[in-house]
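Student: I have a structure to look at, and I would like to learn how to read it. Could you walk me through it?

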Amino acid sequence: MSRAEGKTPIQELSDEHVVIMDGLEMVRAAMSVVEQTKRQTPARTWETLQQAVASLAREFDKHLLKEEEALFPAVEAHLGAEGGPTEVMRMEHEDLREGMWELRRLVGESEAPEGVYEQLGETTEALGNLLVEHTHTEHHIFFPMAEALLTDAERTEMAQKFRRIEEEQEGRRSG
Ligand SMILES: [Fe+2]
Ligand SMILES: [Fe+2]
């Protein structure tokens, strides 16, 4: 899912939004199985949820880094950083990260803690809402604006940074 032949870097980011939303659905599905077994969640059911959260977190971290380290600086070269559109996007990323950290924290225990389901439900819903809003803004406003602004040289540089970020992430995972 990482090599993106024939796509602009921004199309690649758009495609990742779909992957992230799918990842969130996997978390929701795993959560509802945990809810059904609330009192005595089997270890495997809890592990499935942990894996779904870990997989979402990986896609999420990679995507946010690509935007923050490659896309936003390229846009900032045209529009400036302070008071510009990337300032809002960066702030929204911080809120998204907080939600993701909370989700990771909640599934961090080796077995399902009593009453965790309610907290998981709230956290996932809040994170989901933020994600929908943020990706909607990117799709309809920020990405089209960036496509119009960026030069070919900037796109090439972005694509190179993307590959570097992916390699670093894969290295961290296997190393
Ligand atoms: Fe973003
Ligand atoms: Fe995004």
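Tutor: Gladly! Keep in mind that the model is predicted.

Student: How many helices and strands does the protein chain have?

Tutor: There are five helices and zero strands. The C-alpha trace spans about 55 × 35 × 25 Å along its principal axes. Of the 175 residues in the chain, 26% are buried.

Student: How do I check the length of a helix, say α2?

Tutor: Compare its span with what 1.5 Å a residue would give. The 37 residues of α2 should span 54 Å, and its end C-alpha atoms are 51 Å apart, which agrees. Along the way, α2 bends by about 35° at Phe72, and Pro73, a proline, follows within four residues. Just after α2, Gly80 takes a positive phi of about 80°.

Student: And what comes between α2 and α3?

Tutor: A loop, and Ala81 lies in it. Ala81 counts as partly exposed because it has 14 C-beta neighbours inside 10 Å, and a residue needs 20 or more to be buried. Leaving out residues up to four places away in sequence, Ala81 touches Glu76, Thr86 and Glu87.

Student: Which residues of α3 are buried?

Tutor: Start with the general idea: an α-helix has 3.6 residues a turn, so residues three or four places apart point the same way. In α3, the buried residues are Thr86, Met89, His93, Leu96, Gly99, Met100 and Leu103. They cover an arc of only 130° around the axis, so they sit on the same side of α3. Met91, Glu94, Trp101 and Arg105, on the other side, are exposed.

Student: What do the buried residues of α3 pack against?

Tutor: They pack against α2 and α4.

Student: How should I look for a core?

Tutor: In soluble globular proteins, nonpolar side chains tend to be buried together. Here the largest nonpolar core has 18 residues, and Val27, Leu49, Ala52, Val53 and Leu56 touch the most other members. At least two residues of this core come from each of α1, α2, α3 and α4. The most come from α2, which gives six. Apart from this core lies another, of 14 residues, including Ile10, Leu13, Phe72 and Phe143.

Student: Which residues is Leu49 in contact with, leaving aside its neighbours within four places in sequence?

Tutor: Leu49 is in contact with Ala30, Met31, Val34 and Val107.

Student: Where in the chain is Leu149 found, and is this residue buried or partly exposed?

Tutor: Leu149 is found in helix α4. With 13 other C-beta atoms within 10 Å, Leu149 is partly exposed. Its contacts, leaving aside neighbours within four places in sequence, are Val75 and His78. Leu149 and Val75 are 74 residues apart along the chain, yet their C-alpha atoms are separated by 7.3 Å.

Student: What share of the contacts in the chain joins residues 24 or more positions apart?

Tutor: Taking contacts with a separation of 6 or more, such pairs account for 76%.

Note on methods. Residues numbered from 1 in each chain as written. Chains lettered and ligands numbered in written order. Predicted model: local features only at pLDDT ≥ 70, side-chain atom pairs only at ≥ 80, totals over all residues. Buried ≥ 20, exposed ≤ 12 C-beta atoms within 10 Å, placed from the backbone. Contact = placed C-beta atoms within 7 Å. Arc of directions from axis to C-beta. Core = buried A, V, L, I, M, F, W, Y, C linked by C-beta atoms within 7 Å. Expected span 1.5 Å × (residues − 1). Bend = angle between axes of the 7 residues up to and from the residue.
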